[in-house]
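Open the structure in your viewer and keep the sequence at hand. We will go from stop to stop, with something to select at each one.

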Amino acid sequence: MKLFHGSNQYIQSIDLSKSKPFKDFGQAFYLSEEIEQAQKMAEAKVIQFGGDVSITEFDFNKNLLSNNQLNVKIFNSYNKEWAEFIFNNRDENQKFTHSYDIVYGPIADDYIGLQIRDFKRNNITFEQFLNKIQYHKGITFQYAFCTKKAIEKLIRV
């Protein structure tokens, strides 16, 4: 399958240490099956940091998601487990780590920081938190390649 990474620079090689912590599925290299999603991410990165819109394409053997060569976590929809996982990864006061090589699931809303603060202050219930962190432009999925072992399975096109 084809996966796309949108950035403000072309990706020559993947270095997880350059990935930001406290993202939806933790510190990882994020990709999408949708080139449009990668394009939107690249445009946002250019606005934030400058540079040029760049889409890097990769081939990935989809069978690796289910053949037990990699430790994979899949969230097929917005649900309580997904929201708890996102909360744990995004909460900068926690030292949460997980052992997955790849995590696949829906993207959280861009304003998740506000929702985390409201939930921690008991201003919203967990159910409200779950509803508010769902991506408001419709469900879009992402792949997080969290380990070197997983990244080695990506072939840059």
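Select strand E5 (residues 102–106) and strand E6 (residues 141–145): 5 bridges join them, and they run antiparallel. Strands (E, at least two residues) and helices (H or I, at least four) are DSSP runs, numbered from the N terminus. Now pick Tyr104; its bridge partner in E6 is Tyr143.

A note before moving on: this is a predicted model, where local features need pLDDT of at least 70, side-chain atom pairs count only at pLDDT 80 or more, and totals for chains, interfaces and linings use all residues. Residues are numbered from 1 along each chain as its sequence is written, and side-chain values use heavy atoms, leaving out hydrogens and water.

Next, show the open sheet of 4 strands, in the order E2-E6-E5-E4 with mixed pairing; two strands pair if DSSP finds at least two bridges between them. Which strands stand at the edges? They are E2 (29–31) and E4 (72–74), each with a single partner strand, so one side of each has no neighbour in the sheet.

Now select helix H1 (residues 35–49) and find Gln37 in it. Is Gln37 buried or exposed? Gln37 counts as buried, because its relative accessibility is 11% (buried means under 20% relative accessible area, exposed over 50%, partly exposed in between, with a 1.4 Å probe and protein chains only). Leaving aside residues up to four places away in sequence, Gln37 touches Ser32, Ile107, Tyr135 and Thr140, where contact means heavy atoms within 4.5 Å.
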